[in-house]
Amino acid sequence: NPEVTTPAGNLSNMFSTDVSSGDMAKLKDDLGAAVLVRPTEWIETMKTVNGETSAIRADWIVLNGDNQGAVRSNSLIFNAVVRNTLKNVLDGPHPFFVGVVTEGAAKPGKNPPLVFATAEPEHLELAQQAAQAHGWL
C-alpha cells in the first residue's frame, strides 16, 4: 500500500471549486493599452446568445495604462478583426502578439470595432519583460 500523506491545515484547501472557463476578461477593458497576447485555441464554431460564431481563446498581459501588470487568462475573443489577427498568430511561426488595443472606424449605427494598433519599440521591451516575469518564455 502506498503511504498516504495528509496536507497540513484544512483538507478543503486541496480542492478547486472553480467552474468558470477562464476569467472572462474583455479586451475592451484594456482599451488604449499595449498588450502581450498569447493565443491558445481557435474555435471554429460556438453558440452564443447572438448565434453561432468563431472565437479565439487567449491569455494576455497588460503592458501599460491603468491595468498595467494585469494578466487575463483563458478568455474568449469574438471581435472579428482582432480574432482573425490572433488566428494568424496562432497559425504562424510566432507564439505571441504585441499591439495596442484601440478602436477602428465605426460603420453607421454600429459601435466602433476593436483593432490593434502597431506596437512601439518600448512596448516590445515591456512585452519581453512581462513574458519572462510570468514564465511565458
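What share of the 137 residues in the protein is buried? I looked that up before anything else in this predicted model: buried residues make up 31%.

**Overall layout.** I counted two helices and five strands. Going along the sequence, I get the pattern β-β-β-α-β-β-α. Then I checked contacts between residues at least 6 apart in sequence, and 57% of them join residues at least 24 apart.

**Helix α2.** I wanted to see if the length of α2 made sense. The helix has 13 residues (121-133), which at 1.5 Å a residue should span 18 Å; I find the end C-alpha atoms 19 Å apart, which agrees.

Next I asked which residues of α2 are buried. My list has His123, Ala127, Ala130 and Ala131. They sit on the same side of α2, because they cover an arc of only 100 degrees around the axis. As for partners, the buried residues of α2 pack against β1 (34-48), β2 (51-62) and β4 (97-103). On the face turned away from the buried side I found the exposed residues Pro121, Glu125 and Ala133.

After α2 comes Gly135, and I noted its positive phi, near 70 degrees. I placed Asn74 in strand β3 (residues 71-77). Its relative accessibility is 30%, so I logged Asn74 as partly exposed.

Technical notes. Residues numbered from 1 in each chain as written. Predicted model: local features only at pLDDT ≥ 70, side-chain atom pairs only at ≥ 80, totals over all residues. Heavy atoms only, no water. Helix = DSSP H or I, 4+ residues; strand = E, 2+ residues; numbered from the N terminus. Buried < 20%, exposed > 50% of the residue type's maximum accessible area, 1.4 Å probe, protein only. Expected span 1.5 Å × (residues − 1). Arc of directions from axis to C-beta. Contact = heavy atoms within 4.5 Å.
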